[in-house]
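Hi,

Here is the structure I promised to pass on. Have a look, and then read my notes below.

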Amino acid sequence: MNQSTFPYSWEVEPASYQKFVDLEDRRLRAAATQPTEIQFSIVLPVFNTPVEYLQQTVQSVLEQSYSNWQLCIADDASTDSSTLSFLTTIETDDPRISIIRLQQNVGIAAASNAALGLATGDYIVLLDHDDMLPDFALNIVAKSIAEKPTAKLLYSDSDHIDATGNRCKPFFKPPWDYFRFLSQNFLNHLTVIAHPVLKELGGWRTGFDGSQDYDLYLRIAEHIDPDHIRHIPHILYHWRTVENSFARSNLNRAIQAGRKAVSAHLEKKGCFADLGAAQNAVIYNSVIWKKPPAASAGLQVFVTGTGYFDSRIDSALRQALAEYKPNIKFAAESAAQAMLMFSGASEEQHGAFPDTVVFIDAQLAEAPTIALSKAVNAIKNRVCGVACVKAKSSMRGLQGPLHDTNIPCEPSTSRTTQSSEERLASRGYMANLLLDQTVNWVSESCYAVCSSLLEGLAAESFSNMRELGRSISMAARAKSQRILWIASDPLSESQAEAAEFQIKPRDRVIMSECVSGPAPFLYNHPNVARVYWRVFMSASSDMKSI
């Protein structure tokens, strides 16, 4: 794999990013020091780490402005004399440092559990043996916990430090999103976990090395309420870009371990699904929802809008949904007609109406066959109330994920020279246009919906499909049902193997200048292909504490 493309979507303009982090770090460092009632236990497994890196890692902990911490180091039977000598030296330097020495190499999961056995803190902080924390990291985490005491899993944004010591490759992460997390482990580091939760789960599981944290986070997500997961929108962790790191030298192994973890999670939840590689982002996952054995076979499909419905698309859709024997009806006049047809069919069948309904734009440019099958099966698996499909129609264009009604639902073209073909192929920021994700609103070109969400919606209230989609979206949220957006058809196993994990370099995220303040929301917006920052405030302004 071409190392210059890994990770392939994190590039920013260096000088501009450095301006941003200088301002942001000053602002975070100026934040009021938090009371030290909470103790953080930092878990640090070590194995033959180059001393210059390990020394910087430990020093980043010693320099924390928040003082109530404990560093729990597990040496996984290192053989490097300089590593062993350094550990001996620091053991007596600070009473907050505890070290356990394992007699044989047991792997990162078991070594992490050994370090966890030393922990006495309220929260467990995960730290890799060659990475670093900014000096304000624990203080900002303590502030976040004070703001939300019920938080049991917290995660922050992160960036990298290259071989010359420069900050680069920031990852401004989204809020908690279950569906996107199945496709991409966006938590990683810095991650902070309530100690009782980690203890109850038994710590890390062996057999997932390379993605042992991914497996742990999935099990935590099973165990706690989503409201107890908190995103801290600040860069509190610095990955070190090391050419021979485990992530780089064992990328394929880590990917397979991650998919094993996701598969185990879905099986435990009683879901029926396979796992494949996402198109144009094969290091990430595509969940292929399958028909549950007990699912009802019926399926109602409404083709809406005026225009010619291509017979090839009709045939492809019937074939893709054949296991459900779809009943396809045309509602060319309006959304109201579709709803009248739905109500009439429901009354005719005396409550035996299919539990899933599909709405398809008559001007669909192509049939998203596998993705639509995934959408229907996601409804049948009861993991969501609505499942939208990334699709293109001649009238509405590309239907991307709709997180906010005020933001266009398509790849950004602002200040770019992208052709329409390039826009359709846009991967977005951190591949988020290629990943299944939770959205707030239905994109109306192609979606499946649980028929119970349609009950009670008055047909005469809708003059077009967008109004119907808005009402379905609100009904889903009122019933605490997720809206899933499905990015694209997954790659087959043979296609994924042929790709050899060669990721095409993404358009660089360009920041002409930077703003002083929190990480920009645009980074989290899935429609952004390129980001341009302009100066809204001078470098000397807005130095308020957070």
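Where is the place of Asp177? Asp177 is in the loop between strand S6 (167–171) and helix H6 (178–183); helices (H or I, at least four residues) and strands (E, at least two) are DSSP runs, numbered from the N terminus.

A word on the source: this is a predicted model, where local features need pLDDT of at least 70, side-chain atom pairs count only at pLDDT 80 or more, and totals for chains, interfaces and linings use all residues. Residues are numbered from 1 along each chain as its sequence is written, and side-chain values use heavy atoms, with hydrogens and water left out.

Back to Asp177, which is buried (under 20% relative accessible area, 1.4 Å probe, protein chains only). Asp177 has no salt bridge (a side-chain nitrogen of Lys or Arg within 4 Å of a carboxyl oxygen of Asp or Glu). The nearest side chain of opposite charge, Arg180, is 6.0 Å away, though the Asp177 side chain does reach the backbone nitrogen of Arg180 at 3.2 Å. Neighbours within four places in sequence aside, Asp177 is in contact (heavy atoms within 4.5 Å) with Phe186, Gln437 and Thr438.

Now the rings. Phe, Tyr and Trp rings (for Trp, the six-membered one) pair if their centres lie within 6.5 Å; planes under 30 degrees apart are stacked, over 60 edge-to-face, the rest tilted. That rule gives 13 aromatic pairs. Phe40 and Tyr66 have ring centres 5.4 Å apart and planes at 65°, so this pair is edge-to-face. Both residues are buried. Ring pairs also link Tyr155, Trp176, Phe181, Phe186 and Tyr214 into a cluster.

Cheers

Conventions: Buried < 20%, exposed > 50% of the residue type's maximum accessible area, 1.4 Å probe, protein only. Lys, Arg positive; Asp, Glu negative; His and termini not counted. Polar contact = N/O pair within 3.5 Å; in protein donor to acceptor, adjacent residues only side chain to side chain.
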